[in-house]
Amino acid sequence: MLSDKSNTYKLSEEQKQFYEDNGYLVIKELFDFATLYNIKKRFQDICKGTVDKGNALVYKEPALVAKGLKGEDAINKISELQHDEVFSTFSEDPRLLHILSQFLGGDVSVMSSMVINKPPGSARHPPHQDLYYFPFRPAEKIIAAWTAIDDVTEDNGCLYVVPRSHKNNILYRHGNCLESNKLFHGILEAAAPCEPRVCLEMSPGDTVFFHPLIVHGSGENRTQVRE
């Protein structure tokens, strides 16, 4: 990890063009160990119930709850985190904001924030588009920033994207999909571009930025259940 972290991160013209062309951009080691450690510990403390979750919303994976799993082993995500004193260190990180401002302009607001957890046995998140969840526009002024806290691989259900799928400028019809968490809607139209996929295997601190119309999702966690 970077030991001397500047408060700015100037994107190159090549990085900007890659995002424009493909709808996503991965930046390696954007966040340092201390920030990731504090966020992960906060997540675990909320899972254990040792700290007040405040206004955060906790979502459990129904299939894992049905197996009798509890706490971190059953929780899928915690959302609405932007006002939490620990989680907000992510959304208020100056380098993150500097990158976002280069895509969106200087006035940046948080509209949705979450920590996603994929315990062993978690279901896939089918192909979908983030714009489906947002009632506001224009799409060009919305961007997602997603950071790996742990190593993410195809085995444990990493993100994938369909490069250039945002170029169609279409928000496809979404709804419940088979073999998925019922809370996760996916694209229902067979004609939607769900291939070819690029799996984003990432190390802690790596961050991907992606367009709200890009088709993306994640696989199931096929690793072994912790004893």
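**A guided look at the model**

Guide: Let us begin with one residue, bearing in mind that the model is predicted: Pro138 has its place in the loop between β5 (125-128) and β6 (144-147).

Visitor: Is the peptide bond from Arg137 to Pro138 cis or trans?

Guide: Most peptide bonds are trans. The bond that leads from Arg137 into Pro138, however, has an omega near 10°, and this makes it cis.

Visitor: And what is the form of the peptide bond from Glu195 to Pro196?

Guide: Pro196 is found in the loop between β9 (185-187) and β10 (198-199). The bond from Glu195 to Pro196 has an omega near -5°, and its form is cis.

Visitor: Which residue in β4 is the bridge partner of Lys77?

Guide: Strand β3 (residues 75-79) and β4 pair in the antiparallel sense over three bridges. Lys77 is also in contact with the residue in question, as are Asn76 and Trp146, when neighbours within four places in sequence are left aside. The bridge partner of Lys77 in β4 is Ile116.

Visitor: Is Ile116 buried, partly exposed or exposed?

Guide: Ile116 has its place in strand β4. Buried would call for under 20% relative accessible area and exposed for over 50%, and because the value for Ile116 is 44%, this residue is partly exposed.

Visitor: Is Ser91 buried or exposed?

Guide: Ser91 lies in helix α4 (residues 88-91), and, not counting residues up to four places away in sequence, it touches Leu96, Leu97 and Val110. Because its relative accessibility is 15%, Ser91 counts as buried.

Visitor: Which element gives the largest share of the lining of the second largest pocket?

Guide: About 180 Å³ of space lies in this second largest pocket, and its lining has, by class, five nonpolar, two polar and four charged residues. The elements that give two or more residues to the lining are α1 (13-22) and α5 (94-104). The largest share, three residues, comes from α1.

Visitor: What is the phi of Glu80, and where does this residue lie?

Guide: Most residues other than glycine have a negative phi. Glu80 is not a glycine, yet its phi is positive; with a relative accessible area of 33%, Glu80 is partly exposed. The residue lies in the loop between β3 and α4, and its phi is about 60°.

Visitor: Is Asn169 buried or exposed?

Guide: Asn169 is found in the loop between β7 (159-161) and β8 (174-176), and its phi, near 55°, is a positive value in a residue other than glycine. Because its relative accessible area is 58%, Asn169 is exposed.

Methods. Residues numbered from 1 in each chain as written. Predicted model: local features only at pLDDT ≥ 70, side-chain atom pairs only at ≥ 80, totals over all residues. Heavy atoms only, no water. Pairing = 2+ DSSP bridges. Helix = DSSP H or I, 4+ residues; strand = E, 2+ residues; numbered from the N terminus. 1 Å grid on protein atoms, 1.4 Å probe; cavity = no way out; pocket = protein on both sides within 12 Å on 5 of 7 lines; lining within 4 Å. Points joined across faces, edges and corners; volume = space filled by probe spheres on them. Nonpolar A, V, L, I, M, F, W, Y, C, P; charged D, E, K, R; others polar. Buried < 20%, exposed > 50% of the residue type's maximum accessible area, 1.4 Å probe, protein only. Contact = heavy atoms within 4.5 Å.
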